[in-house]
Amino acid sequence: MNVIRLFAALCLAAALPAQVTSDRIQKAADAEPENWLTYNGSYDSQHFRQLKDINRENVSNLELKWVWQAQSLEKFEMTPLIVDDVMYIVQMPNDVLALDAKTGSVYWSYTHIPGKTNVCCGRVNRGLAIHEDTLYMGTIDGKLLAIDAKTGGLKWSKHMVDADGGYSLTVAPLVVNDKLIFGSAGGEYGIQGFIVAIDPKNGDELWRFNTIPRPGEPGHETWGGDSWKRGGGSIWVTGSYDPELNLTYWGVGNPSPDWNIDVRPGDNLYSDSVVALNADTGKLEWYFQFTPNDAWDFDAVQVPVLVDREFKGKQRKLMLWGNRNGFFYVLDRTNGEFLLGEKFAKVTWAKGLDEKGRPIRNKDFEPSREGTRSWPSVQGATNWYAPSYNHKTGLFYLSTWEYSSVYHKGDPTYSRGNRYVGSLPRGVWPNVLEDEDPGHGSIQALDPETGQKEWEFKMANVTESGLLSTDGDILISGSKEGHFFVLDSFTGEQLWTTSLGGRIAASPTTYKAGGKQLITVAAGNSLFTFGLKE
Amino acid sequence: MKVCSLALILATAAVSPLAAQHGVEGLANPYNTPEDIAAGGRLFRSHCGVCHGPKGEGGRAPSLMTGRFRHGSDDSSVYRTISEGIPGTEMPATFFNGQQLWQLVAFSRSLSEGKAAEQIDGDVDKGRMIFAGKGSCTNCHMAEGKGRRTAPDLSDIGKRSLADLESSILRPNEKVLPRHWVAKGLTKDGKTVQGMRLNEDTHSVQLIDQNERLVSLAKADLSSFEVIKTSTMPSYDGKFSKSELNDLMSYLASLRKN
């Protein structure tokens, strides 16, 4: 290495981040809101930032600061990490890059070319984890990669799951107590789902929880016959963590096959559930199943939002959950007690919830051979898009769909590594120029105390964008149409909008770089970063 | 090459897992019997129809009923596409064995075969004259590069069924597709803007107005906005003789882009 290159390397090392410890991540939301150290921004996954340089009064002065264009046509579902002015991103499907968060300039890139895969919903990745000075990424061909955050060099790679069995890693791992926690996608391929904790130093497995219980494990009895062998229960959105309880919470995906319940009688635990696991042992502390014996593909793969607040006159540790099945839930996260459940969209598959939160099923709206139109649609009344909780307004914000699908029941054919769904739902995506009643998307602001809507921002099309609120009294989101906009977090009034020309299917982030607050969002195949006019 | 050797190679290509990746270029489908097509259909409905539609008519993914495939239409190309997927799209690779892949090729192929063109007793040339003359269709519609653009372009209308064409001529309001709805806005300075809706989103609407101008309106700039879901086309019921109607429908049925 010549002197100039050595000098450049030393400068780069100086610019790149200090060690990111578990303790630092735990304190980040309060101690360093200028950074975004984990997929959901903080362990409570509130998608709220205590930054207010950009606020309700000056948001109309936003301007584009930089754009980074990906060399990939895959859907951009990734949320970046921000560590001390450095942005870490994934270019679909599995390239990792370090950018200067102030300018978008590239420090380094690492390329992983996946082997053959069969994934249901695009060759996507949702993001990275960072622990100390190492980045971690699951790949769609089933590997876990450890990458040096300063150089982009591969530290180690470990085979985790079999791509030819329908498994793939798309979720950003969660770093808790010096462990990497994640699971596998593949709910449309008859996988046997799990959540696993891995040693970041070497990839060794520390504990494992089977989301589809094996023989002898509690919950196994909820699977008729040998249907558990192909039960699904995927993990593809990052969970949350409560340090006081030492519990990590994860939403579990749909049972397989998606739309034929004849082959899997029973409640099919822990599909469509939230599971609360001891972060050190993986032991199940409690679970709550939103949709027993799901017939509609209502994954509970949403972000668990953890909130400490007063509820019905009593201070409680709550979990707020807008579920794909059309109900908004409030749970006590210490024990999983059901506290409240209300519809936030049109729901026909259930008449309501009983006192324990179990749905009162309406069998008239189950999939049939001839097809049954039911609400919500197969994409759900919401999906994996990050919600936001704002402690100033006390409101829970949720991206929603008002839309239906025609659910057909078919005969599932299992073939290792191929789709195992058992049906053909129609009406997957609305189209404003093709559908008589295309439905619509919206952002809803819900009062957790009542589950009732405080305000709603309606869109012509549905939305796949996550939400972010800040101390500046703004709520940031986007649309499938490619509009990026800012609303008043108290009223839902639109304060600013711009067209980015490509669908927004990720969550916006906000942070500080060079001492200035910026907002970044992925739209189409590019990353756009906005800040205030100088 | 002896026939028995070729058959052995074909059979090997068909059953070897490696065939999913290599060695099928230029080969014809060795699994093409009615039983194979039926087996391919079962696989299709279970694995492919979610995106391509239960009958291959399209949906989230393209229709397979045209017999033309963007990534290669010969058997080996279709085989490769099913096996390897299409990078940069939602079409995934699959892990079917060689026989299953060929059966899927056979089924996909069957979707566009054996569909004889519908017949009608009419004269295409006379129909063309009616379209431009008595019917005054070109006052609004475009076909074969002639006419106006304020109503749907009919240059590829021949892919629709005869019954559908007749219904559109005689009973235009019976079924108005959302893409043919009319957008009407009133600007804040009192000007009405109206035309066929080309696109609409939360904040804006795009249309082609009566002067064939492309107009994009911000909804925030309008004092009122509505979408008209009825057809602006007059009914031709009783205005044509039976033979004139047949001539016109024959002409319309002949309109194909490719």
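This is a predicted model: local features need pLDDT of at least 70, side-chain atom pairs count only at pLDDT 80 or more; totals for chains, interfaces and linings use all residues.
Local features are given only where pLDDT is at least 70, and side-chain atom pairs count only at pLDDT 80 or more, while totals for chains, interfaces and linings use all residues. Residues are numbered from 1 along each chain as its sequence is written, and chains are lettered from A and ligands numbered from 1 in the order in which they are written.

**View 1. Helices α2 and α4 of chain B pack against each other.** Helices (H or I, at least four residues) and strands (E, at least two) are DSSP runs, numbered from the N terminus. Helix α2(B) covers residues 34-52 and helix α4(B) covers residues 98-110; their axes are 7 Å apart, at an angle of about 95 degrees. Axes are lines fitted to C-alpha atoms, for helices over the stretch in contact, and angles run from 0 to 180 degrees between N-to-C directions. The angle makes α2(B) roughly perpendicular to α4(B), a term used for 65 to 115 degrees. Two residues are in contact if their C-beta atoms, placed from the backbone, lie within 7 Å. Among the residues that meet are I37(B), L43(B) and F44(B) in α2(B), and L104(B) and F107(B) in α4(B). By class, this contact has 7 nonpolar, 5 polar and 1 charged residues. Ala, Val, Leu, Ile, Met, Phe, Trp, Tyr, Cys and Pro count as nonpolar, Asp, Glu, Lys and Arg as charged, and the others, Gly among them, as polar.

**View 2. Chain B touches chain A.** Here 24 residues of chain B are in contact with 34 residues of chain A. On the chain B side, α2 and β4 (192-200) are the elements that give two or more residues. Helix α2(B) provides the largest share, 7 residues. The chain B side divides into 8 nonpolar, 9 polar and 7 charged residues.

View 3. Two strands pair if DSSP finds at least two bridges between them. N199(B) stands opposite Q206(B). Strand β5(B) is also joined by 5 bridges to β6(B) (residues 214-218), again antiparallel, with S204(B) opposite A218(B).

**View 4. Five strands of chain A form an open, mixed sheet.** The order is β1-β31-β32-β33-β34. Strands β1 (48-49) and β34 (494-499) are the edges, each pairing on one side only. Strand β1(A) runs parallel to β31(A) (residues 468-470), joined by 2 bridges, and F48(A) stands opposite S469(A).

Note on methods: Angles under 35 degrees count as roughly parallel, over 145 as roughly antiparallel, 65 to 115 as roughly perpendicular and the rest as oblique.
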